[in-house]
Amino acid sequence: MGRRTRMRSVKSPPDNFYFHSRSDEPLLDNNIEITVAEFEAMRLKHYLGMTQKICAEKMGLSQPTFSRILKNAHKKITEAIIEGKEIRVQGGNVDYKEIYNGYGCLVCFEEWEDELASTERKVTCPKCESDKTYHLIREPL
Ligand SMILES: [Zn+2]
């Protein structure tokens, strides 16, 4: 997995919100892990204020799938706020300032980077071998 081109820098996230790379120490019980897809769904919908239709298109998802991912994210964030947990975004090499291009699996929720990933190029999940995968791309702000 190569390093990506550095994009323009963005405002620092709050202290209790940071990315967790797989090589880091294991997740503490007290933390909540959100997926790259959940993070991106919230960013597009609530931070950038895009319509659900545009959000789903940008992520290469159907609207029902986008809606489900967003709902999962809300549930986790709510739990974190109510129970005072830390929020981490799972996934390798994900950074606020970097582009993430890869796939996600609708069956086991695995997410992985793939520089050649696109909506046209279908792949199977490396973890559960399902072909219910989707293109996952997040662009810097
Ligand atoms: Zn899978």
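Author: Helices (H or I, at least four residues) and strands (E, at least two) are DSSP runs, numbered from the N terminus. Read along the sequence, the pattern is β-β-α-α-α-β-β-β-β, with 3 helices and 6 strands in the chain. The model is predicted: local features need pLDDT of at least 70 and side-chain atom pairs pLDDT 80 or more, while totals for chains, interfaces and linings use all residues. Residues are numbered from 1 along each chain as its sequence is written.

Two strands pair if DSSP finds at least two bridges between them. In the order 5-4-6, 3 strands form an open sheet with antiparallel pairing. Strand 5 (111–113) and strand 6 (133–138) stand at the edges with a single partner strand each, so one side of each has no neighbour in the sheet. From one strand to the next, the twist averages 30 degrees, where axes are lines fitted to C-alpha atoms, for helices over the stretch in contact, and angles run from 0 to 180 degrees between N-to-C directions. Strand 4 (residues 100–105) is joined to the antiparallel strand 5 by 3 bridges; Gly104 has Glu111 in strand 5 as its bridge partner.

Helix 1 packs on this sheet and touches strand 4, strand 5 and strand 6, contact meaning that C-beta atoms, placed from the backbone, lie within 7 Å. The direction of helix 1 makes about 55 degrees with that of strand 6. Among the buried residues of helix 1 (residues 36–47) are Val36, Phe39 and Leu44; a buried residue has 20 or more other C-beta atoms within 10 Å of its own. Gly49, with a positive phi near 70 degrees, follows helix 1.

Methods
Buried ≥ 20, exposed ≤ 12 C-beta atoms within 10 Å, placed from the backbone. Contact = placed C-beta atoms within 7 Å.
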